[in-house]
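Visitor: Could you take me through this structure step by step, please?

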Amino acid sequence: MIDRDTFISAPKVYYHTFGCKLNFAETASVAENFSRNGYVTAAKEETPDLVVVNSCSVTAEADRKCRSTLRSFNRRWPNAAILVTGCYAQLHPEQLLEIPGVRAVVGINDKLKLPEIARTALTETVTTTFPSASELREFMPSCSRGDRTRFFLKVQDGCDYWCTYCTIPKARGRSRSGTIPQLVEQARLVAEQGGKEIVLTGVNIGDFGHGRDDNFTDLCRALDQVDGIERYRISSIEPNLLTDELIDFVAGSRAFMPHFHIPLQNGNDEVLKLMRRRYDTALFAAKVNKVKEVIPDAFIGVDLIVGARGETSERFESSKAFVESLPISHLHVFSYSERPGTKALDIEHVVSQEEKHIRSAIMHELSARKHAEFASSFLGTVRPVLLEHGHGDNSVTGGFTDNYLRIETSLDKCMDNTICKMRLDTLMDDGETIAASIVEE
Ligand code: SF4
């Protein structure tokens, strides 16, 4: 173990994040807090004194990846102290503490105390306590620069829905949100740093304002007024919380993009009931149709879980037919993963691993077809694109249109973080990306 006196200079920290955009936003806040407390971020190729891992536990595979990465960090930097926080840490601290090099496993409520805990963890193993889900009530504001052009602003945390397959409410606690003035101020700071696009993130962001008298649409209205931010995207919103008021607001807003991401999870009503989702397929179809009615060019991404318990072959076929009937643009397909302690484990009819693979392939194929159809319908049109990833002369540059079509173009200068009008020329071989050319800067 390292002696405290070894740290004549500031301890160097390496950060690693698993999982969702929310975790990335939170890691950025954790890193800022470490800097304020005298730590420095380890430069590339530098050996860190401390490794901070923000974990995810969305599937058994996410847990496995986290454990294996922690072991590889310990092999690579045997003298570094490893601290783990995040959903996996909150749910199963005992599993993580067994891994060599892990000196502290820190619950979600204590993320901001990490620098303090790290002081001790640099020399010895620290025992921390884990409040139960009902005690997790603090909202930790977070905003991160996801890449060179896009920022992720956390507006809400936790969830009170308890869908039968999900462990997130247990890991993240009760639904809670930031305040509108606080989030508007964070958006202003993003604009000051030159940010043009903000993605609003959270666990169940449509539940923003729960227990207060403001709601998610009120937040969007306030954010729309922030000078300098030219684009907002809503990362994902539960269908029952996607109100007509919000859809109409987005349709007429200054900066909210024609882009929705709506978790369906299954297109069969019986499976939706078993999952304890708060809508049926009729409501879901009504929301998608409302979006298309008022914003015909909108990109609609949909989450889908295949092979959930209770999804018989007939129910899978009906789910597929329902998804096929929807005017959506893309599917995010996940294979159901058994999570210990969830109510889903009581549901009969278990889908085999092999059958899950088959269903996943079928839905991926359907997604590719829908995405290609959506992208093709815009060929020959001109749309605003936020350019990103410029790498100098003659490099291939990427970007997204307002309605979330990925484009690629060749430029003779770096135009990173510029919004310009582009003609959408041809669909590339991946069936999603469009080769585009600038018509106006
Ligand atoms: S809405 Fe359901 S799936 Fe989403 S976080 Fe809450 S419990 Fe989990």
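Guide: We shall discuss the domains, some helix pairs and the ligand. This is a predicted model, in which local features need pLDDT of at least 70 and side-chain atom pairs count only at pLDDT 80 or more, while totals for chains, interfaces and linings use all residues. Residues are numbered from 1 along each chain as its sequence is written.

Visitor: Which domains does the chain have?

Guide: The assignment lists domain 1 (4–131), domain 2 (136–257), domain 3 (260–377) and domain 4 (382–440). Such bounds come from an automatic or database domain assignment.

Visitor: How far apart are domain 3 and domain 4?

Guide: Their C-alpha centres are 30 Å apart. Eight residues from domain 3 and seven residues from domain 4 form the contact, where two residues are in contact if their C-beta atoms, placed from the backbone, lie within 7 Å.

Visitor: Which helix gives the most on the domain 3 side?

Guide: Helix 13 (residues 353–376) does, with five residues. Helices (H or I, at least four residues) are DSSP runs, numbered from the N terminus. The side of domain 3 that touches domain 4 has five nonpolar, two polar and one charged residues. Here Ala, Val, Leu, Ile, Met, Phe, Trp, Tyr, Cys and Pro count as nonpolar, Asp, Glu, Lys and Arg as charged, and the others, Gly among them, as polar.

Visitor: And how do helix 12 and helix 13 cross?

Guide: The axes of helix 12 (residues 313–325) and helix 13 come within 11 Å and cross at roughly 10°. Axes are lines fitted to C-alpha atoms, for helices over the stretch in contact, and angles run from 0 to 180 degrees between N-to-C directions. Helix 12 and helix 13 are therefore roughly parallel, a term for angles under 35 degrees.

Visitor: Which residues meet there?

Guide: F316, K320, V323 and E324 of helix 12 meet R359, I362 and L366 of helix 13. That contact has four nonpolar, no polar and three charged residues.

Visitor: Let us change topic. What about helix 8 and helix 9?

Guide: Helix 8 (residues 216–224) and helix 9 (residues 244–252) have axes that come within 9 Å and cross at roughly 15°. This makes helix 8 roughly parallel to helix 9. Their contact is made by F216, T217, C220 and R221 of helix 8 and E245, L246 and F249 of helix 9.

Visitor: Is that crossing left-handed or right-handed?

Guide: Helix 8 passes helix 9 in a left-handed crossing, meaning that the near helix is turned anticlockwise from the far one by less than a right angle; clockwise would be right-handed.

Visitor: Finally, which residues are around the ligand?

Guide: They are C159, Y161, W162, C163, C166, I168, P169, V203, N204 and E238. A residue is near a molecule if its C-beta atom, placed from the backbone, lies within 6 Å of it. By class, this shell has eight nonpolar, one polar and one charged residues.

Technical notes. Helix = DSSP H or I, 4+ residues; strand = E, 2+ residues; numbered from the N terminus. Parallel < 35°, antiparallel > 145°, perpendicular 65-115°, else oblique.
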